[in-house]
Amino acid sequence: QSQDPPRVSFAGDADALYTLVLTDPDVPSRRNPIKREFVHWVRCNIPGGEVERGGEEEMGGEDVYQYVGAGPPPNTGLHRY
């Protein structure tokens, strides 16, 4: 679990723009996900030529929702992100 944004990279078309959405589908727990998705990060307009850079500052684009670190409640088991 991390309080810092993850490094994300993938091959992208240099002429395209991409959107990154990072969620936790296991809220409040994997066994009882009644609240479902918790949004941790949304970044839009990532230039295709920059997605392989991976870091929050290096990747480019615009945060629609700034990164919120992982913080699942105690005793809720593993969460998928």
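Author: A contact means heavy atoms within 4.5 Å. In this predicted model, 55% of the contacts between residues at least 6 apart in sequence join residues at least 24 apart.

Reader: What pattern does the chain follow along the sequence?

Author: The pattern is β-β-β. The chain has 0 helices and 3 strands.

Reader: How many aromatic pairs does the structure hold?

Author: The structure holds 2 aromatic pairs. Phe10 and Tyr18 form one of them, with 5.3 Å centre to centre and 80° between the planes.

Reader: Why is the pair of Phe10 and Tyr18 called edge-to-face?

Author: Ring centres must lie within 6.5 Å to pair, and planes over 60 degrees apart count as edge-to-face. Phe10 and Tyr18 have 5.3 Å and 80°, so the pair is edge-to-face.

Reader: What makes Phe10 count as partly exposed?

Author: Its relative accessibility is 33%. Buried means under 20% and exposed means over 50%. Phe10 falls in between, so it is partly exposed. Tyr18, at 24%, is partly exposed too.

Reader: What are the values for Trp41 and Tyr67?

Author: Trp41 and Tyr67 form an edge-to-face pair, 5.7 Å centre to centre, with 80° between the planes.

Reader: How do you know that this pair links distant parts of the chain?

Author: Trp41 is in strand S2 (residues 36–47). Tyr67 is in the segment after strand S3 (62–65).

Reader: Are Trp41 and Tyr67 buried or exposed?

Author: Both are buried. Buried residues make up 35% of the 81 residues in the chain.

How values were computed:
Residues are numbered from 1 along each chain as its sequence is written. This is a predicted model: local features need pLDDT of at least 70, side-chain atom pairs count only at pLDDT 80 or more; totals for chains, interfaces and linings use all residues. Side-chain values use heavy atoms; hydrogens and water are left out. Helices (H or I, at least four residues) and strands (E, at least two) are DSSP runs, numbered from the N terminus. Buried means under 20% relative accessible area, exposed over 50%, partly exposed in between (1.4 Å probe, protein chains only). Rings of Phe, Tyr and Trp (its six-membered ring) pair if their centres lie within 6.5 Å; planes under 30 degrees apart count as stacked, over 60 as edge-to-face and the rest as tilted.
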